[in-house]
Amino acid sequence: KIIMLSLSCKAAIKSVIFLGSKYETGEKFSIKDIASHINENEHTIGKILQKLVKYKIIFSSKGPNGGFYITEKQTNQPIIKIVEAIDGQEIFKQCGLGLAKCSESHPCPFHTDFKPVRELFKKMCEEKKIIDLYLNVNEGFAYLTG
């Protein structure tokens, strides 16, 4: 249980990076398109995208030319907004072993070593913006599929 992000949160980040990577084309994408491009389940992606719209991380429009998309302003959002929308803020306080009662006064065996990792991960999520991640994809330095 050391992995901090839920599978849904990872899929949300990949979805937003995908939309960011296509931002300049002005295209809108269906749930099916996005799920296919990032190799995720359509049903799961549908629920995630609705949540991301609710938190104004991405937009959607209805109709024959509708779909999900991201604006230039949205591409400057920090990744932490996605993490908090899907997994909540508690993720940055959770125990590395998944213990409910882990704390400073009642630490798990990982507590002391895991705390700086968790803090560094939070800092990375605060500092990295959507644009930072999708530019690496567009330039071929990073990938969204295995």
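Modeller: The terms are taken up below in turn. This is a predicted model, in which local features need pLDDT of at least 70, side-chain atom pairs count only at pLDDT 80 or more, and totals for chains, interfaces and linings use all residues. Residues are numbered from 1 along each chain as its sequence is written, and side-chain values use heavy atoms, with hydrogens and water left out.

Biologist: Why is His111 called buried?

Modeller: Buried means under 20% relative accessible area, exposed over 50%, and partly exposed in between (1.4 Å probe, protein chains only). His111 has a relative accessible area of 11%, and is therefore buried. Buried residues make up 34% of the 146 residues in the chain.

Biologist: What does His111 touch, not counting residues up to four places away in sequence?

Modeller: Contact means heavy atoms within 4.5 Å. With those sequence neighbours set aside, His111 touches Cys102, Ser103 and Glu104.

Biologist: In which helix is the place of His111?

Modeller: Helices (H or I, at least four residues) and strands (E, at least two) are DSSP runs, numbered from the N terminus. His111 belongs to helix α6, residues 111-127. The chain has seven helices and two strands, in the order α-α-α-β-β-α-α-α-α along the sequence.

Biologist: How many side chains of the chain are positive and how many negative?

Modeller: Lys and Arg count as positive and Asp and Glu as negative, while His and the chain ends are not counted. Each charge is placed at NZ of Lys, CZ of Arg, CG of Asp or CD of Glu. On that basis the chain has 21 positive and 16 negative side chains, and the centres of the two sets lie 6 Å apart.
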